[in-house]
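Here is a short briefing to read with the model open beside you.

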Amino acid sequence: MVQAVESLQFDSVLSSFVDDCAHIWTTWLQDGPGSAASRKLRRERRFKTAVGRMTVFMVRPSVEFATSGGWGAFNWTRWRLRINQCYTGQDAIRYKDFVELCSTVYHETRHAEQFYRIAQGLAAGNLRLPDARAVQIKQQWPARGAIQSYVVMFETDAIDEDPRYLTATQRAHLIADRMRIPLSVAQHADRQRDSFASYLGAGRPSWFHRAALDEVNDWLRATYKKRFSESGNWIQRPHGPYRVQRNRPEENDARSLEELVQAALYRRIGHDTPRNRHQRRTDIDLFGA
Ligand SMILES: [Zn+2]
């Protein structure tokens with residue numbers, strides 16, 4: 001029996017999330033006896049449920065609505081999405097802000113899947129961990145020929161840390177430690193390592209620059225660079241750095257999915273004109289009660 005594999009890059013998962021978001025939009029203003037605060041909480045609960053539904057195949061990230069400079073971020077050490085809380089409390093949210101909010105949730109959840117796929121690929125033996133000492137050396141003395149030869153030596157010297165030579169328990173600990181993800185995530189990915197082949201075999205999305213395995217490997221390399229240069233967060237910034245970020249494989253991937261969600265959600269909710277995108281949810285004549 002071929003095991004069904006799920007991923008946020010598949011149409012089925014994306015369109016079911018879009019359905020959930022369309023429902024949140026429809027019921028945005030509906031309330032029992034509750035206050036504005038309870039409407040905010042109820043909307044946030046619905047987003048959390050939507051995240052749970054699209055991540056049943058991996059470890060569900062927790063979702064925190066908090067004050068934030070940007071739209072959202074993913075923290076892999078805590079396995080947590082942080083979503084800007086200033087939108088869920090707005091009865092009069094603009095149509096385009098609602099769509100941006102939804103696509104941000106998808107974007108950040110995709111970052112969680114990227115880490116999960118890396119862990120799975122490592123556990124399955126399809127990916128190799130870059131040697132931590134090599135990365136540190138690169139950080140200390142950047143870019144001279146002599147350093148490169150150190151790097152090559154260390155990278156080929158990592159056999160005794162190769163996941164294929166370890167027990168499942170050792171593998172999970174090693175992966176959790178080196179990727180700085182929770183042990184429970186690494187353990188789950190290790191148990192599901194056989195389905196990594198199905199993931200790779202499920203086809204290559206149009207926005208991947210290279211074969212699926214190479215793409216996941218690029219995410220792994222990006223993660224390692226990130227580990228040594230910044231804290232455990234990938235932050236979604238509003239505008240400026242976007243162009244730079246788009247050049248990074250993990251951001252190109254997350255951003256491509258985000259755009260698919262936006263297009264699908266505008267189609268699903270309808271009333272999509274440039275003018276209407278600036279209208280507010282409280283425009284009952286346009287969007288309904
Ligand atoms: Zn991102």
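Strands β2 (residues 72-75) and β3 run antiparallel and are joined by four bridges. This is a predicted model, in which local features need pLDDT of at least 70, side-chain atom pairs count only at pLDDT 80 or more, and totals for chains, interfaces and linings use all residues. Residues are numbered from 1 along each chain as its sequence is written.

**Strands**
- G72 stands opposite I83 in β3; strands are DSSP runs of E with at least two residues, numbered from the N terminus, and they pair if DSSP finds at least two bridges between them.
- β2 and β3 form a hairpin with four residues between them, and W79 in the turn has a positive phi of about 55 degrees.
- Strand β1 (residues 62-66) pairs with β3 in the parallel sense over five bridges, with V63 partnering L81.
- Four of the five residues of β3 (residues 80-84) are buried, so the rest of the structure largely encloses this strand.
- Buried means 20 or more other C-beta atoms within 10 Å of a residue's own, exposed 12 or fewer, and partly exposed in between, with C-beta atoms placed from the backbone.

**Helix α6**
- Helices are DSSP runs of H or I with at least four residues, and in α6 the buried residues include R171, A172, I175 and M179.
- The exposed residues T169 and D177 sit on the face turned away from the buried side of α6.
- Just after α6, R180 takes a positive phi of about 60 degrees.

**Contacts of C102**
- Leaving aside neighbours within four places in sequence, C102 is in contact (C-beta atoms, placed from the backbone, within 7 Å) with C21, V261 and L265.

Terms used: Contact = placed C-beta atoms within 7 Å.
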